[in-house]
Amino acid sequence: MITRLDQIIDVLKNSEKKRLVAAYANDSHTIGAVNDAVMRGIIDATLVGDKDIIAKTCTEHNFDISKFTIVHEPNELKAAQKAVELINNGEGDMIMKGLVSTDKYMKAILNKEKGLMPPKAVLSHVTVMENPNYHKLLVMSDVAVIPQPDLSQKIALTNYVINVARALGIDKPKVALIAATEQVLPKMQACVDASIISKMADRGQIKNAYVDGPLAIDVAIDKESAEIKKMDSIVAGDADCMVFPNIEAGNVFYKTNTKLANAELGAMVVGAKCPAILSSRGDSVRTKLYSIALAALVASK
Amino acid sequence: MEPIRSLDQMVDHLRESGRKKKIAVAYAQDPNTIGAIAKAIEEGFVEAVMIGDEEEIRKKAEEEHINPDIFTIVHMPNDVAATTEAVRMARMDEVDVVMKGLVGTDKFLKAVLNKEHGLLPPKAVMSYVCALDLPKYNKLLFVSDTAVLPYPDLNQKIAMVKYAVKMAQKFGIEKPKVALISATEKPNPVFQGSVDDAIICKMADRGQIKDCIVDGPLDVFLACDPASVEIKGVATPINGEADCLIFPSLEACNSFYKGLMLFAGGELGGLIQGTTKPVVVMSRSESEKSKFYCIALSVLMAD
């Protein structure tokens with residue numbers, strides 16, 4: 001069982017390398033992150049973009065261009081489409097956004113005929129956080145993609161965090177469905193949906209996990225709070241995963257933890273045929289590396 | 001207290017406990033009602049105030065070979081006035097139970113539900129719980145709602161759970177097993193009832209509903225048949241031994257109990273719930289025995 005993010009890198013070093021395809025990798029930020037992962041020997045990489053710009057960038061930053069496969073496509077949207085095509089052709093196991101704008105990148109992924117979405121799949125986002133104040137990793141959703149998930153989307157989110165936690169070696173993860181309270185208050189949709197999903201898990205409609213909710217954050221991740229409140233729940237105080245009721249709750253939680261509690265994280269978009277990395281310029285070097293590593297780990301499961 | 005497992009045991013229990021309650025019958029000149037009340041008086045656990053047309057009451061009693069002097073008769077020949085008086089007596093603690101006689105159900109309930117002079121506290125949910133005595137089940141089954149709430153919403157369903165639990169406890173079942181009934185044990189958002197069931201279960205997990213073991217959605221097999229639980233492999237604390245069944249709609253519950261009365265030799269006792277004092281409303285088509293059990297049940301439930 002992986003309890004720290006850098007352990008993912010160790011695991012990947014000892015397994016078959018997965019292939020990353022970077023869409024429109026025309027910038028040092030993207031190539032640098034990919035280069036870091038390649039140099040550590042955890043992935044192979046294909047850079048789709050303008051070969052002259054890629055070559056120039058590599059020279060400027062002392063990246064060894066011979067470590068990458070280069071596919072020349074100087075147009076932004078076409079580069080994204082080409083990256084998707086490579087995945088669909090089995091020439092890549094995960095995709096990463098380069099200099100292409102997010103909307104064009106997503107457009108290529110979401111294209112009904114040529115994209116990466118299975119029919120009816122829910123596109124969402126999973127973040128894995130390492131917090132020095134918690135005894136293990138926390139797998140969370142959705143802090144970035146779906147603003148206000150409805151019941152069926154929350155069920156999808158629940159399954160996504162379970163799958164990622166299992167990829168991290170947690171055989172039967174404990175999933176907390178987060179709300180403002182562990183009491184069931186029917187006027188709060190978060191409480192209502194959490195109750196329904198809990199029962200669905202009881203009935204085997206959601207598998208391979210212990211699921212409980214509604215749970216407030218304190219009760220979900222703090223044993224003492226769970227004990228004080230006399231929670232009769234295997235999840236309370238020891239959650240591996242958290243499903244948030246809406247994007248604001250999840251977003252505020254992870255940003256607070258990274259900025260005020262020295263948390264590190266890796267993240268990816270899930271729901272497509274392969275993990276999709278959406279790293280932003282503001283991410284730390286570690287976050288970029290961990291996101292690629294996480295995607296590679298999930299792709300290998 | 002040893003749990004009461006049949007309606008006859010309930011009657012025995014009342015007889016042995018020496019419990020006696022006073023019932024006001026609204027518009028009492030109905031031979032069915034007179035017969036059932038007379039039997040309860042004979043058993044020794046009821047005193048009756050018959051409100052209605054005195055001459056008619058006496059006549060109907062004599063036609064049934066019942067001595068009308070076993071009743072206190074209050075002469076009020078108008079049905080609404082008689083009902084209002086019965087409800088007033090209950091409000092003033094002059095009687096413990098109110099029972100519908102020959103007055104129409106709508107007029108009777110109007111008096112019971114009257115905001116100023118009725119028997120329903122503000123915001124209380126009125127519902128109906130039946131205790132079913134079934135030859136093929138080894139204990140009583142408390143079911144709701146057979147008669148009042150057509151499509152209970154979440155809040156009403158929670159009230160129904162509490163009423164059924166309260167009744168089961170009066171029968172000596174300390175921690176009743178409550179099954180929330182649906183067509184399948186899997187919550188499915190298409191069926192609002194199954195969604196509400198999941199919410200109620202979690203409320204019980206969190207201690208918001210007390211003194212009972214709740215699970216649902218469950219189908220009737222999983223609720224009442226341990227063999228089905230084993231075959232299906234569903235982990236449920238009810239384990240096929242439900243004391244209470246809460247149905248998603250009146251149609252479902254009504255068909256369930258009527259089917260059992262007709263084809264399975266069942267008997268029942270039932271009561272309106274939510275009122276400050278027990279209120280007995282019986283259907284004319286119920287058996288003599290069931291009518292008598294309704295009265296006995298009201299005596300058991302009366303404070």
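B:Phe256 counts as buried because its relative accessibility is 17%, where buried means under 20% relative accessible area, exposed over 50% and partly exposed in between, with a 1.4 Å probe and protein chains only. B:Phe247, at 4% relative accessibility, is likewise classed as buried. The structure is a predicted model, in which local features need pLDDT of at least 70, side-chain atom pairs count only at pLDDT 80 or more, and totals for chains, interfaces and linings use all residues. Residues are numbered from 1 along each chain as its sequence is written, chains are lettered from A and ligands numbered from 1 in the order in which they are written, and side-chain values use heavy atoms, with hydrogens and water left out.

Over all chains, 5 aromatic pairs were found in a search of the whole structure. The ring centres of B:Phe247 and B:Phe256 are 5.0 Å apart and the planes stand at 45°, so this pair is tilted. Rings of Phe, Tyr and Trp (its six-membered ring) pair if their centres lie within 6.5 Å; planes under 30 degrees apart count as stacked, over 60 as edge-to-face and the rest as tilted. The pair of B:Phe292 and B:Tyr293 is also tilted, since its centres are 6.1 Å apart and its planes lie at 45°.

B:Phe292 is buried, with a relative accessible area of 4%, and B:Tyr293 is buried at 2%. Together with B:Phe45, B:Phe292 and B:Tyr293 form one aromatic cluster. B:Lys39 lies over the face of B:Phe292, 3.9 Å from the ring centre. In chain A, A:Lys172 lies over the face of A:Tyr210, at 4.4 Å from the ring centre. A charge sits over a ring if NZ of Lys or CZ of Arg is within 6 Å of the ring centre and within 35 degrees of the ring normal.
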